[in-house]
Amino acid sequence: VSPERSGAEAGLVLAFPWMADKPKSLLSRRGGDLTRYLGLGSEQGARLARGERPAAGECAGHVEDARVQIEEVERKLATGARLWQREWAVIMLRGVRRSLRPLVRDDERALELDERACALQAMLREKDREELGALQAEVEAGRYDPARLKADLAARPRFEWDAFTDRVFAFQEVPDRETMQQTDMTHYAGSGLDVIFDIAEELKPGDRFYDLGSGLGKVATLIAWLTGVECKGVEYEPAYVRAAIESARRLHVSNVVFVHGDARDADYSDGDVFYLYEPFRGAILDAVLAKLELASKVKPIRILSKGETSGTLDGVRWLERAATKTSGLALHRPVPLGR
Ligand SMILES: C[S@@+](CC[C@H](N)C(=O)[O-])C[C@H]1O[C@@H](n2cnc3c(N)ncnc32)[C@H](O)[C@@H]1O
């Protein structure tokens, strides 16, 4: 992202890479919208988390917003439904349906819009099946290998890599949570494939790799599949753990296990490389780092991280940053004794 972009524009380009070459005026307008929506979203999200229904006037506003967004999706899909356009539509419709969920029981218009969004989702799934169904069947039959994945990716633009991989390996459906997210825990977001390839390059035979806060298991399963190293995912939300176990089974990946539990309570004594993609912060991260420091006294460990977590690790006295990869993946090691 070039330095002359504002924070909002840069955020927009990071979220929607295909916008990178759009004119600055459009980026700046859409970037401003994004910042405003994020602010509104977090206010409304906090209210819903407290169990408060939106006020009557706001309900009408939500329903109207949903209508505008659904029509935007319908309009755009009428002009083209390539994978990246479908991915954009999937994200929009997921948000629309989430915002309608508290309203559909008592508001007929909300119910009708939800059904329209649901029909669009079914149409998008059908398009995915048409385009990628044969490949999914090969994956499930165990006939797809890392060399073919790399060849398939090379034939696509980079900004479609994750949408492609998430569909071929079925990581795109995020199940509803069954537990409340505690303070300092983050919500699920999957790592990008560029990061996963960088992690794979850092591993050597014999390593045991841990993904702390493993979500749907995308990283641990793909790392196990790409490298053959033993992998373990630790995840707090049971619905995600079940999805991860099911994915690994479907893909015939047997060198990965998923443990349901809190990363503060897991046993790390057999781990060599630990990955953290913004799973938690504050007191939880401190507690997990205290465990990793103990583990580092018994054998050398490496810590890989991405996002906000990497900056926090830079401030940990017993760690030093050894490298930063092109995807932004950071590699930290314990400071050698005597330094
Ligand atoms: C940002 S997601 C990362 C998912 C995965 N590591 C990836 O990179 O694709 C963070 C995950 O950490 C999980 N998490 C949060 N707090 C946790 C804890 N104390 N113990 C285990 N998992 C936790 C969340 O439920 C979420 O699935």
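**Entry 1: F169 and its ring partner**

I looked up F169 and found it buried, with a relative accessible area of 1%. The model I am reading is a predicted one. I then checked the ring of F169 against W225: the two form an edge-to-face aromatic pair, 5.2 Å centre to centre and with 70 degrees between the planes. F169 sits in the loop between α7 (161–168) and α8 (193–202) and W225 in helix α9, so the pair ties together parts that are 56 residues apart in sequence.

**Entry 2: the other rings**

I went through the aromatic pairs and noted a count of eleven. One of them is Y144 with W225, which is stacked, at 6.2 Å centre to centre and 15 degrees between the planes. This pair also links distant parts of the chain: Y144 is in the loop between α5 (108–140) and α6 (146–154), W225 is in helix α9, and 81 residues separate them. I checked burial for both. Y144 has 5% relative accessibility and counts as buried. W225 has 17%, and because the cut-off for buried is under 20%, W225 counts as buried too. I noted one aromatic cluster formed by Y144, F169, F171 and W225.

**Entry 3: helix α9**

The buried ones are K218, V219, A220, T221, L222, I223, A224, W225 and L226. Just after α9, I noted a positive phi of about 80 degrees at G228.

**Entry 4: R250**

I located R250 in helix α10 (residues 238–250). R250 is buried, with a relative accessible area of 14%. Which residues does R250 contact, leaving aside its neighbours within four places in sequence? I listed V139, E140, V168, F169 and A170.

**Entry 5: the ligand**

I turned to the 26 residues around the ligand, of which S191, D211, G213, E235 and A263 come nearest. By class, I noted 13 nonpolar, eight polar and five charged residues in this shell. For polar atoms, I found a side-chain atom of S191 at 2.5 Å from an oxygen atom of the ligand. A polar backbone atom of G213 lies 2.8 Å from a ligand nitrogen atom. A polar side-chain atom of D262 is 3.0 Å from a nitrogen atom of the ligand. The elements that give two or more residues to the shell are β2 (230–235) and β4 (273–277).

Definitions and conventions
Residues are numbered from 1 along each chain as its sequence is written. Side-chain values use heavy atoms; hydrogens and water are left out. Buried means under 20% relative accessible area, exposed over 50%, partly exposed in between (1.4 Å probe, protein chains only). Helices (H or I, at least four residues) and strands (E, at least two) are DSSP runs, numbered from the N terminus. Contact means heavy atoms within 4.5 Å. A residue is near a molecule or strand if one of its heavy atoms lies within 4 Å of it. A polar contact is a pair of N or O atoms within 3.5 Å; within protein, one must be able to donate a hydrogen and the other to accept it, and residues adjacent in sequence count only if both atoms are side-chain atoms. Ala, Val, Leu, Ile, Met, Phe, Trp, Tyr, Cys and Pro count as nonpolar, Asp, Glu, Lys and Arg as charged, and the others, Gly among them, as polar. Rings of Phe, Tyr and Trp (its six-membered ring) pair if their centres lie within 6.5 Å; planes under 30 degrees apart count as stacked, over 60 as edge-to-face and the rest as tilted.
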